[in-house]
Amino acid sequence: MATLKEILTRRPVAATIRLTVPAGGARPAPPVGPALGQYRLNLMAFCKDFNARTQKYKAETPMAVTITAFKDNTFEFTVKSPSVTWYLKKAAGIESGSSRPGHVEASTISLKHVYEIAKVKQSDPFCAYMSLESISKSIIGTANSMGIQVKKDLD
Amino acid sequence: MSPVLCCFRNHIFKHLACTNSLVRREFSLTKLLSVKAVPLSTCTNASLTSPFLSVHIQCRKDFADMLSEALLCFGASSTSIDEQDSHVQNEEICISSIYDISKDVRKSILHAADSIGLKDLPTYKIVKGYHSDWIKDIQDSFHPVEVTKGLWIVPEWRTPLDLQATNIILNPGLAFGTGDHPTTKLCLLLLHEIIKGKESFLDYGTGSGILAIAALKFGADFAVGIDIDPQAITAARHNATLNNIGPDILQLYLVPSEEINSPSENNSTGFEGQGSYEPEASFDEIVKYDIVVANILLYPLLNLADQIVSFAKPGAMVALSGIITEQLPRITGRYSEFLEDITVSKMDDWACVSGKKRRI
């Protein structure tokens, strides 16, 4: 339950924006430009801030960013580890998902891969409260949608 | 449409036609770190003149966050959800998503919905969006900024508020350096304080050229700005003209990002078809400066420390910024072997480190 003070000083939120930006590589061009520009957020400030804060990640890793835009055109953002599909593609060693998931298999990964990805995801601020099991289930769901089969062990 | 707006728009479109290659090029700096660059699947091939797809998807409120995340995994460039005023639980809300013009939107939504367990394809509507709209919105958000008493940064399309003050007229285009970022302000304040007149100045990573122009306005004799981004050099040249600063006192060079020390026969390697930038004289690495400022990012500052400091005369002032306060120890640690009398200034969560180059 938020305190009265928090409620009174809470800024009104205009929107929640999600996008993927390469670490250290934010520029005032697509995808950042159109997504933030429509809410009149300060693109330069976001790019500079994002680039400085993602210096600790390997350059150009696609980071998932969630931006909370406030009605007064200010914003806050949180950076999360890359999307599950990116990890799955890396684990499966493929460039893109299957063209017909469920029918044509793109590749296979093992449960160990799923577990490793789940561990990284659990360190995200949004997933911290979820159990490894539920995160893993969600990862397996995404893998299936991409046409990646999850095997218990890889030979 | 005002001629100024037209000019700005042309300026951007002309120089951003190859945004794609620009992004890849800039980060070949990472080769210094021996890091394998990941192909940028999110980087668009569309230039800013082609439209993009703005897709509005209807979805139940309690699934909206999950669907947004899934959409990003399956091809959307970005998603946004406007904040709802009511708190009805099962209400349908709209997710606005942006896609490249070349993407198969239906397939993406299908996969995304499927991956979170939705049985039916959500209803959606596709509208064409144009980059000029958001570019205009950004322009509208630039206002004159008073950095300190008597020093203003004024966008090209606005009139200065105080004609007696030092006004730096800027059109940042899409290069870094609009004047309102804390690091730019910290550097400007430092320059304002230390420039007495007649100094030579190097702006390492010049962006829009704002620091070089400011240095000249404060009394420096001449300034050189270098950057690895051709867009920055073009923006800086334009800004120099806006402030009546000619190439005799402000020289701007595009430098290759891998090794600035290697003499380059052709400064624009890798940028065929730029059209707007012709390589002239190359940057002379032998010249040393009275003041060197590098307002960039942590890793380039750490990796290029030797080079950055090598451009300073012994006893010259070197200033580094573009770092957040938690990154300070690494910078001061790295540069303490080169600089003495190190001082740190801070604004919000940003810092600027300055010191004098040690006389060996």
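1. How much area is buried between chain A and chain B, and what share of it do carbon and sulfur atoms give? In this predicted model, the two chains bury about 4800 Å² between them, with 59% of that area coming from carbon and sulfur atoms. On the chain A side, A:Arg18, A:Arg27 and A:Glu60 stand out: they supply 18% of the area that chain A buries against chain B, more than any other three residues.

2. Next, the contacts themselves. Chain A brings 51 residues into contact with 61 residues of chain B. The interface has 16 residue pairs in polar contact, counting pairs with both residues at pLDDT 80 or more. Several elements of chain A each supply at least two residues of the side that touches chain B: strand 1 (13-22), helix 2 (32-37), helix 3 (43-53), helix 4 (84-92) and helix 6 (132-146). By type, the residues on that side of chain A divide into 24 nonpolar, 16 polar and 11 charged.

3. Strand 1 of chain A runs antiparallel to strand 2 (residues 78-82) of chain B, and 5 bridges link the two strands.

4. Now to chain B. Is strand 6 (residues 151-155) of chain B mostly covered or uncovered? It is mostly covered, with 5 of its 5 residues buried. Burial applies to both faces: B:Leu151, B:Ile153 and B:Pro155 lie on one side, while B:Trp152 and B:Val154 lie on the other.

5. Strand 6 of chain B has strand partners too. Strand 5 (residues 145-148) of chain B runs antiparallel to strand 6 of chain B, joined by 3 bridges, and B:Thr148 stands opposite B:Leu151. These two strands form a hairpin with 2 residues between them, and B:Gly150 in the turn has a positive phi of about 85 degrees.

6. Finally, strand 7 (residues 166-170) of chain B pairs with strand 6 of chain B in the parallel sense, over 5 bridges. Within that pairing, B:Trp152 has B:Asn167 of strand 7 as its bridge partner.

Terms used:
Residues numbered from 1 in each chain as written. Chains lettered and ligands numbered in written order. Predicted model: local features only at pLDDT ≥ 70, side-chain atom pairs only at ≥ 80, totals over all residues. Heavy atoms only, no water. Contact = heavy atoms within 4.5 Å. Buried area = accessible area lost by both parts, 1.4 Å probe. Polar contact = N/O pair within 3.5 Å; in protein donor to acceptor, adjacent residues only side chain to side chain. Helix = DSSP H or I, 4+ residues; strand = E, 2+ residues; numbered from the N terminus. Nonpolar A, V, L, I, M, F, W, Y, C, P; charged D, E, K, R; others polar. Pairing = 2+ DSSP bridges. Buried < 20%, exposed > 50% of the residue type's maximum accessible area, 1.4 Å probe, protein only.
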